Amino acid sequence: MTVLVPWNDIICFLVVVSSIFLSIWMLLRHEENDGTRKCSTKYESLLIPQPDKDNGNVITSEWTQPNHVVSNQLWTSCWRNLNPVWLLVTRFLSFVIMARVLAWDIQVHGKTVFLYYTKWTFALVVFYFALGTIASAQGCLVNSRKPVNQNNGKNSSVKTSMAESSNKSKTTINFSANKVRATVKVQSYHEQDSIKEIAGFWGYLMQTVYQTCAGAVILTDTIFWFLIVPSLAVAGVEMNLLMGCMHSLNAVFLLIDTALNSLPFPWFRFAYFLLFNCTYGVFLWVLHACGGSWWPYPFLDLSTPWAPLWYFCLALIYFPCYGLYALIVKLKNGAFSKWFPHEFVSIP
């Protein structure tokens, strides 16, 4: 029995499959450590973990590479004097609000909302904030149990502050000492550069989800506000509050987190964003092959003669979407480092 596959289906398959292979090639080239790249931190890839030496405490410069993620980057802020608790609170509130909006959408429209790419993106951002909340909580808890950095510079600053306050009341002395200790402890998060701990699997997963969310949020929200909303206005369809929340809160909360966090943003992890989009396309193909006849987005319908062009254009539009968010992160590092050189910690 011969099965005839339309030519446009073959082209669409080739576009998706080639995108998947391109993503895998990028990840194997950049995520895998080949042992030739050096850095001053211990390293563990999301794809291929490297064994630690001496129980993970020995210098491992020959095991590391650029664009790594270290554990303190997961929960500390890029603002030197900002207590990481504020980042924890921001992530937790973002998670709670977005999870409630997603539950509201499911309650109104049912579980079929997950046929839409927008809901995939929104749920992925919720997942990122869940991981971020856990990472921030763990980091703050572990760090609160550590003593303040006891180098001579820190001790001298505390002693000097208390000596200068010796002519004041006991309450004033205690307040001054506590204030200095708090400032020292916040600043010490960014000054422990000699030995850095690896970000394990969950840490790299959080970093990967963060960069995948970045491209997906730009893609969904720009298309909605610049293409769909004007078409709805022409058709006389009013936009409700739920639609507005679903296509704005994800970008707003993610941008706030970006302004506060100290996560790197290497270009090669664009591959994860590409894989995420390919996964959604394959998901729709499987549903269609199992008997489904309705496509949530008509331009993804393989039966249309323009499907190959649509698929090719979608593959191209992913680059500027991801690039726009990468530009935002680059502007953040460049502008804030120039405007606030003493308060902002530049992200390598």
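Student: In which helix does isoleucine 256 lie?
Tutor: This is a predicted model: local features need pLDDT of at least 70, side-chain atom pairs count only at pLDDT 80 or more, and totals for chains, interfaces and linings use all residues. Residues are numbered from 1 along each chain as its sequence is written, and side-chain values use heavy atoms, with hydrogens and water left out. Helices are DSSP runs of H or I with at least four residues, strands are DSSP runs of E with at least two, and numbering starts from the N terminus. Isoleucine 256 lies in helix H8.

Student: How many helices are there in the protein?
Tutor: Read along the sequence, the pattern is α-α-α-α-α-α-α-α-α-α. There are 0 strands in the protein. The number of helices is 10.

Student: What is the relative accessible area of isoleucine 256?
Tutor: Buried means under 20% relative accessible area, exposed means over 50%, and partly exposed lies in between (1.4 Å probe, protein chains only). Isoleucine 256 is partly exposed because its relative accessible area is 37%.

Student: What distance separates the C-alpha atoms of isoleucine 256 and leucine 87?
Tutor: Along the chain, isoleucine 256 and leucine 87 are 169 residues apart.

Student: Which residue does the side chain of aspartate 257 meet in a salt bridge?
Tutor: Side chains of opposite charge can pair when their charged atoms come close. A salt bridge here is a side-chain nitrogen of Lys or Arg within 4 Å of a carboxyl oxygen of Asp or Glu. At 2.8 Å, N to O, the partner of aspartate 257 is arginine 91.

Student: How many residues apart are aspartate 257 and arginine 91?
Tutor: Both residues are buried. Aspartate 257 is in helix H8 (residues 249-260), while arginine 91 is in helix H2. The pair links distant parts of the chain, and the separation is 166 residues.

Student: Which helix holds lysine 119, the partner of aspartate 105?
Tutor: The side chains of lysine 119 and aspartate 105 meet in a salt bridge of 3.6 Å, N to O. Aspartate 105 is in helix H2, 14 residues apart from lysine 119. Both residues are buried. Lysine 119 is in helix H3 (residues 117-144).

Student: Why does methionine 98 count as buried?
Tutor: Methionine 98 has its place in helix H2. Its C-alpha atom is 8.5 Å from that of methionine 246, 148 residues apart along the chain. Methionine 98 counts as buried because its relative accessibility is 0%.

Student: How far apart in space are leucine 102 and phenylalanine 122?
Tutor: Leucine 102 lies in helix H2. Leucine 102 is buried, with a relative accessible area of 11%. In sequence, leucine 102 and phenylalanine 122 are 20 residues apart. C-alpha to C-alpha, the distance is 7.5 Å.

Student: What is the relative accessible area of isoleucine 97?
Tutor: Isoleucine 97 sits in helix H2 (residues 84-109). Isoleucine 97 is partly exposed because its relative accessible area is 36%.

Student: Which residue takes a positive phi just after H6?
Tutor: The spot to check is just after H6. The phi there is about 80 degrees, and the residue is glycine 236.

Student: What share of the 348 residues in the protein is buried?
Tutor: This total covers the protein's 348 residues. Buried residues make up 45%.
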